[in-house]
Amino acid sequence: MEDIVMTRAAFGTTMAFHIIFATLGVGLPLMILLAEILFWRTKDRDYETMAKRWTKAQAILLGVAIPSGTIAGVQLSLLWPGFMEVVGKVISLPFQIEIFAFFLEALFMSIYVYAAHRLSPAMRFLSVFMVLIGATASAILITNVHAFEGTPTGFRITNGEIVDVNPWAAFFNPSFFVTAGHVTVSAYMTGAFAIAGVAAWKMLRVEKGGRVYTYHQKALLAGLIVGGTFSLLTALNGHESAQLLHRYQPEKLAAAEGLFETQAYAPLAIGGFTDPQTKEVKYAVEIPWALSFLAANRFDEVVVGLDDFPQELWPPLYIHTLFNGMVGIGSLLIVVGFLGFAWKKLLRRSQFPRWVLWVFVASGPLALLGIEFGWIFACTGRQPWVIYRVMKTADAATHAAGVSPFFWIFLAIYLFLGIVTLLVFRSYFGRHPLELEPGTHPTDQPAE
Ligand code: HEM
């Protein structure tokens with residue numbers, strides 16, 4: 001029993017670490033592309049500088065995303081041999097195609113990083129666009145294996161043998177499009193809020209209204225508008241994700257909302273803690289009928305409760321908190337994006353007050369927290385299954401001894417890597433301050 005806990009902890013830690021870099025690695029190219037477009041349209045060199053500096057950040061992040069992704073791949077084989085047998089026979093297509101997506105991303109990233117100044121604007125634009133396509137395709141392909149785990153199709157298991165394999169049916173499993181959408185828009189949103197958070201942090205530390213302040217204000221606004229737009233899309237797509245759960249993994253939706261009794265006009269519980277003894281969500285605010293609406297766009301929809309499933313097949317009930325955290329952060333970030341847009345474009349105020357800047361600073365870490373909550377919710381909420389109603393997590397795990405030291409060693413490696421990454425960021429941007437970039441000399445006049 002302890003072994004399976006440690007096996008899950010070891011793999012979960014790797015994924016929790018990797019996902020930060022992978023998500024930012026998908027979100028940042030969109031911001032770099034936007035900066036290129038803005039530079040091309042306005043000829044404002046601040047946008048050219050943004051594209052250049054964000055590309056450096058992307059390169060550092062990729063330097064961690066690639067090895068941590070490789071560790072995840074190796075751990076999949078070592079820790080989950082039972083699962084990898086099904087992957088190898090049924091759902092290996094996404095992994096195979098992903099090699100080409102990664103190749104595309106790496107190739108155009110190299111062209112853009114090493115030859116941007118020699119490229120025409122159209123070629124620069126094309127290079128970043130291809131980086132964005134490659135990174136997004138990679139994310140979609142890899143997370144399609146996770147989509148398959150929740151809604152497995154394209155094979156049968158008869159007498160312990162995998163038969164009737166149809167790899168394309170497995171690839172286009174029922175969750176494919178919705179999961180791809182949720183992962184993509186939430187990554188774009190996170191990349192944008194990460195930019196907004198850093199820009200707001202810098203604005204709090206430099207002289208108000210100066211050239212550096214103005215540069216960061218432009219970056220902040222770009223981050224807030226893109227982040228706000230994609231947080232709205234994330235919420236709309238999240239609604240679709242919830243409907244898929246209602247259709248295909250009802251006990252996950254029931255646990256997400258602490259719903260025990262099957263009912264029409266089911267309420268949505270916000271906050272609080274699920275108590276399995278009293279079968280209620282304690283201290284929650286209930287919105288009548290809202291869960292039925294979330295599940296199927298109609299208030300009289302019957303939502304299945306946990307009591308309809310044997311207790312040993314219930315997901316852990318704490319996923320209610322993770323679900324609340326993800327949805328709460330998503331809703332808050334829609335407001336944050338709108339606040340920035342309204343302040344600048346509707347109220348036409350030239351500067352943000354300090355308390356508003358602090359809210360923007362928090363948006364980057366909050367978006368990343370939302371990503372962590374989303375992944376832990378999606379994977380923990382599928383338990384006890386690794387492949388829903390096909391293979392239990394315990395049956396897929398390695399029987400090898402010695403997983404515990406493995407967990408502690410990798411935990412130490414990630415802590416070390418995390419600290420080193422922060423130091424590399426500090427050192428690189430400390431030695432290449434914005435003031436030294438062409439077109440951003442401190443004596444330049446502010447743009448407004
Ligand atoms: C605002 C309303 C949102 C709703 C209604 C929503 C809904 C959902 C649902 C139902 C799932 C589970 C899908 C599954 O288990 O198959 C999920 C997963 C996930 N969510 Fe959200 N979500 C929302 C916002 C967000 C935000 C703001 C983020 C990121 C900051 C996020 C990131 C994720 C991630 C990374 C996953 C795991 C991948 C997946 O299964 O699609 N979500 N979301």
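Predicted model: local features only at pLDDT ≥ 70, side-chain atom pairs only at ≥ 80, totals over all residues.
Which polar side-chain atom lies 2.9 Å from a nitrogen atom of the ligand? Residues are numbered from 1 along each chain as its sequence is written, and side-chain values rest on heavy atoms, with hydrogens and water left out.

The atom in question belongs to the side chain of His182, in a polar contact, that is, a pair of N or O atoms within 3.5 Å. Oxygen atoms of the ligand are likewise placed 2.9 Å from an N or O atom in the side chain of His146 and 2.4 Å from one in the side chain of Lys252. The ligand is surrounded by 25 residues, the closest being His146, His182, Lys252, Met326 and Ala367, where a residue counts if one of its heavy atoms lies within 4 Å. At least two residues of this shell come from each of α7 (176-205), α8 (211-248), α11 (319-346) and α12 (354-380), helices being DSSP runs (H or I) of at least four residues, numbered from the N terminus.

Elsewhere, helix α2 (residues 45-79) packs with helix α14 (residues 403-431) at an angle of about 170 degrees, their axes lying 10 Å apart, with axes taken as lines fitted to C-alpha atoms over the stretch in contact and angles running from 0 to 180 degrees between N-to-C directions. The two helices, α2 and α14, are therefore roughly antiparallel, a term applied to angles over 145 degrees. Residues of the contact (heavy atoms within 4.5 Å) include Ile60 and Leu61 of α2 and Phe406 and Phe410 of α14.

Note on methods. Polar contact = N/O pair within 3.5 Å; in protein donor to acceptor, adjacent residues only side chain to side chain. Parallel < 35°, antiparallel > 145°, perpendicular 65-115°, else oblique.
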